[in-house]
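Good morning, and thank you for making time for this presentation. I shall ask you to look at one structure with me and to follow along on the display.

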Amino acid sequence: MDHAEDFGCRHAGSRFFEVNGLRLHGLEWGNPAHPPLLLLHGGSAHCHWWDEVAPAFADRYHVISLDQRGHGASQWSDPPAYGTQDFVSDLLGLMERLGWERMTLVGHSMGGHNAMTFAGWHPERLSGVVIVDSRPAIPPERLERMRHRGRRILRPYENPDQAVERFRLLPPETSAPAPLLRHLARAGIVEREGKWFYRFDPSSNGSRAPVDAWPLLPKISCPTLIVRGEFSPIMTREMARAIQEKIPGAQLAEVPEAYHHLMLDHPAACVALLERFLQEIDPSPSREGEDKGEGGAG
């Protein structure tokens, strides 16, 4: 079965935040008194991309997987405002809304670009940053293809099953199990006037305005982990090493036999990498129950 209750979001709360005049949505796990951990999806994706990763940290962290502006259940920007500075401003606004002085930030693809840029502009607001299969800059020809794709009108589908059947990742290579892909597809569609549409603003591609983050990388002063999929066509091994060289003290890790969407391909490996990194930067968070003296099998 591919219903939400079969995946990590079954333990999450659904929450909305008013930020920069937009109503942003996120999935929330854990205790708000625990250290903040914010997860960012990639372009044309949504917060459920982290469903098989986020629950592993709910016993020690206040985890939020955010639908970034124009994506998932978050409001579309009108007029379109999808520059890096807009996404970063939303993160600052969310931190203010939640009373977070500092957070650990994990971002994949577009979310990874927003995360590294945030870390370069606001390093004092981060306990750590994880850049997951993301480029500091998008090649001009690829950006033009993205903008061209974003100028198309979203295709309507007659029923949800048809929309789920046509769902594809971009880039398409993946080893993710079919039930997880169907779950992502169902979580990423919405009904409007009797038709079904994918749940993102086309202008989030058509009006995308990413900054060149390469000059910002040396300014990242918080602990940093760079993660790529072994077979990723987006973050090559050479690019990952170049990013690592630019960021002081950055670590580099690779998820074996994974493509670009590595948290879908091998969520357990992603959890293990994040576990190790988080333990290194802040060994203090205790699992739920340990700080209350509740017994275990030692």
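Let me begin with a question: in which loop does Asp 201 lie? The answer is the loop between strand 9 (195–198) and helix 6 (203–206); helices (H or I, at least four residues) and strands (E, at least two) are DSSP runs, numbered from the N terminus.

Before going further, a word on provenance. This is a predicted model, in which local features need pLDDT of at least 70 and side-chain atom pairs count only at pLDDT 80 or more, while totals for chains, interfaces and linings use all residues. Residues are numbered from 1 along each chain as its sequence is written, and side-chain values use heavy atoms, with hydrogens and water left out.

To return to Asp 201: with a relative accessibility of 5%, Asp 201 counts as buried, where buried means under 20% relative accessible area, exposed over 50%, and partly exposed in between (1.4 Å probe, protein chains only). Apart from neighbours within four places in sequence, Asp 201 is in contact with Gly 70, Trp 76, Ser 77 and Tyr 82, contact being heavy atoms within 4.5 Å. The C-alpha atoms of Asp 201 and Gly 72 are 8.9 Å apart in space, although 129 residues separate the two in sequence.

I turn now to the pockets. On a 1 Å grid over the protein atoms alone, a cavity is a set of points where a 1.4 Å probe fits but cannot get out, whereas a pocket is an open set with protein on both sides within 12 Å along at least five of seven lines; lining residues have an atom within 4 Å of a point. Grid points are joined across faces, edges and corners, and a volume is the space filled by probe spheres set on the points.

The largest pocket holds about 1,200 Å³ of space. Its lining comprises 49 residues, and those nearest the centre are Ser 44, Arg 149, Leu 170, Phe 200 and Asn 205. Helix 3 gives the largest share of this lining, five residues. By class, the lining of the largest pocket has 23 nonpolar, 16 polar and ten charged residues; here Ala, Val, Leu, Ile, Met, Phe, Trp, Tyr, Cys and Pro count as nonpolar, Asp, Glu, Lys and Arg as charged, and the others, Gly among them, as polar.

The second largest pocket has a volume of about 210 Å³. Among its lining residues are Val 164, Phe 167, Arg 168 and Leu 181. Helix 4 (160–166) and helix 5 each supply at least two residues of that lining, and helix 5 provides the largest share, three residues.

Next, helix 7. Which residues of helix 7 (residues 237–246) are buried? They are Met 239, Ala 240 and Ile 243. These residues lie on the same side of helix 7 because they cover an arc of only 100 degrees around the axis, the arc being that of the directions from the helix axis to the C-beta atoms. They pack against strand 11 (224–229) and strand 12 (251–255). Exposed Glu 238 and Glu 245 sit on the face turned away from the buried side of helix 7.

Finally, Arg 228 belongs to strand 11. Is Arg 228 buried or exposed? Arg 228 is buried, at a relative accessible area of 4%. Not counting residues up to four places away in sequence, Arg 228 touches several residues, including Asp 133, Ala 240 and Glu 254.
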